[in-house]
Number of protein chains: 2
Amino acid sequence: MVNFEELKNYLEEKRSKIEKTIEDYFPKKGSYGKRVLEAAQYSLMAGGKRIRPILCLIGYELYKDNSEEVLLFACGIECIHTYSLIHDDLPAMDDDDYRRGKPACHKVYGEATAILAGDGLQALAFEWFTHPDLIKRIDPFLLIKAIHCIATAVGFNGMVGGQMADLLAEGKRGSYKKLKWIHTHKTVALIRASLLSGALLANAPSSHLRVLSKFGYHLGLLFQIVDDFLDLVGDEKTLGKPVKSDLKKKKLTYPSLFGLNKTKELAQITANTAIETLKPLEEKAKILEILTLYLLNRVN
Amino acid sequence: MVNFEELKNYLEEKRSKIEKTIEDYFPKKGSYGKRVLEAAQYSLMAGGKRIRPILCLIGYELYKDNSEEVLLFACGIECIHTYSLIHDDLPAMDDDDYRRGKPACHKVYGEATAILAGDGLQALAFEWFTHPDLIKRIDPFLLIKAIHCIATAVGFNGMVGGQMADLLAEGKRGSYKKLKWIHTHKTVALIRASLLSGALLANAPSSHLRVLSKFGYHLGLLFQIVDDFLDLVGDEKTLGKPVKSDLKKKKLTYPSLFGLNKTKELAQITANTAIETLKPLEEKAKILEILTLYLLNRVN
């Protein structure tokens, strides 16, 4: 794979496999609790780039041929990402009405159902991570390590802590230190863990895990800087959510601290740094290099 | 162990070990996200009978000598139970102001923090289930099976589905079929899974797992029937939450369907059935028999 066109085809192929697997394994809707399953499925299948599960597959493919073996694990990661979007959009949190181009979960199903849909999606992730179909193919010791990596990344010292700090920072004067803390916890932690989990499942050597961890950090940061940027200059229809939402909420973002031009520059520098960290992996990591440039230039 | 007094000492000893372990492993509160950790700790350490983690320890002790080996796993179960209480109490859900004798989490920390505290506690559970200190002692294959058992029990086809159905049933005419569905999902699933997870971690034979699964079903049902009963006749101070709350919300409960006397009778019958299912385990399961009678007669 050497160019954007090939990467796009690759991402599309993986996206399609991920969505097929989610559909195959999603719990059947029977009996009295089915409303919450409908709500969860609504948000889970509302589209999305599926970048996190794809990073897991890429991490695996660096060391093993057949990433179909860990597709279900990757889908669990998407469940966690979707739960975080549903809860973030709640009125008590970011109070956003649109997500992935559709009304937010709580706008369609109400707050109680949306809270439960998020809760259930987090549980479903761990149900899939430990699914008998995965144990058939993956050494349980590696599975445990990969699950621990994800659980840690989405907990108090990861995504949840980052969301908390992000909410608390609204409307207040912020520092670069605080901004970086928020972004590395809110966004970077899960993106990095997604890539690492795939490599862990493939039993990658520790020296490579260290490289991928550093790379994942910079890639995650890049992802959030571009997110901050697109909130200001992106196209509402392409993004699938209202723009200038960070501005209205007085969120602490890269543009709020540095302005648009400097933010663009920082995105470029972060992409360069990410690519730089990949050097020890040589040709093996070519796909991550192209992916970095792709995410630098993304419009949604 | 043959009598209530000895059981009480046993429960007290285990409760104390569980709380000590939670304190030892609870994440350190540093930096910008610490508010959500404070909120989570507030609810986690607000007291509680710790019945679910104790059931996990009992399940383990039926087959292995030293249940200290799985204490951290048991504590993870308590994290999940506490997260479910925090989310249930939210205004959009059951809208309860008191829990475990103290103001509910969202009354002290606000809704956003309470939602995140619950989310983080669920993640923390799985972080602990896969903690390096557990892998040292437990075969990862057994660990995976136990985690799967818990994750399934608290998801859409377990606790979360039950909560959904419970909310939807408020104020509507209910049937015994619906009541049983709600209770077996909302409450029974996690209680049964707690006991089973301990037995799974100890590599119990399948024939015993089947017996414990049946027993766990009846014990969980008993627990919820007594809960329904205590909501009407219990003492507010002893319970740590307002009584007659189910009545005000027009919840579908055993007393709402059968009246108080019949509910008491059904509790007794369910306890008898639970004890009956234990027969194949003979003397080994004596502690579960006494625990059943203890839970039948509990006042909080």
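The structure is a predicted model, in which local features need pLDDT of at least 70, side-chain atom pairs count only at pLDDT 80 or more, and totals for chains, interfaces and linings use all residues. Residues are numbered from 1 along each chain as its sequence is written, while chains are lettered from A in the order in which they are written.

**Confidence**
- Chain A has an average pLDDT of 95, with 100% of its residues scoring at least 70, where pLDDT is the predictor's confidence in each residue, from 0 to 100.
- For the complex, the predictor gives an ipTM of 0.97 and a pTM of 0.97.

**Where the chains meet**
- In chain B, 50 residues are in contact with 50 residues of chain A, contact meaning that the C-beta atoms of two residues, placed from the backbone, lie within 7 Å.
- Helix 6 of chain B supplies the largest share of the side that touches chain A, 12 residues.
- That side of chain B has 30 nonpolar, 15 polar and 5 charged residues (Ala, Val, Leu, Ile, Met, Phe, Trp, Tyr, Cys and Pro count as nonpolar, Asp, Glu, Lys and Arg as charged, and the others, Gly among them, as polar).

**Two helices of chain B**
- Helix 1 (residues 4-25) and helix 4 (residues 71-89) of chain B pack at about 85°, with their axes 9 Å apart; helices are DSSP runs (H or I) of at least four residues, numbered from the N terminus, and axes are lines fitted to C-alpha atoms over the stretch in contact, with angles running from 0 to 180 degrees between N-to-C directions.
- These two helices of chain B are therefore roughly perpendicular to each other, a term for angles of 65 to 115 degrees.
- Among the residues making this contact are B:Ile18 and B:Tyr25 of helix 1 and B:Leu72 and B:Glu78 of helix 4.

How values were computed
Parallel < 35°, antiparallel > 145°, perpendicular 65-115°, else oblique.
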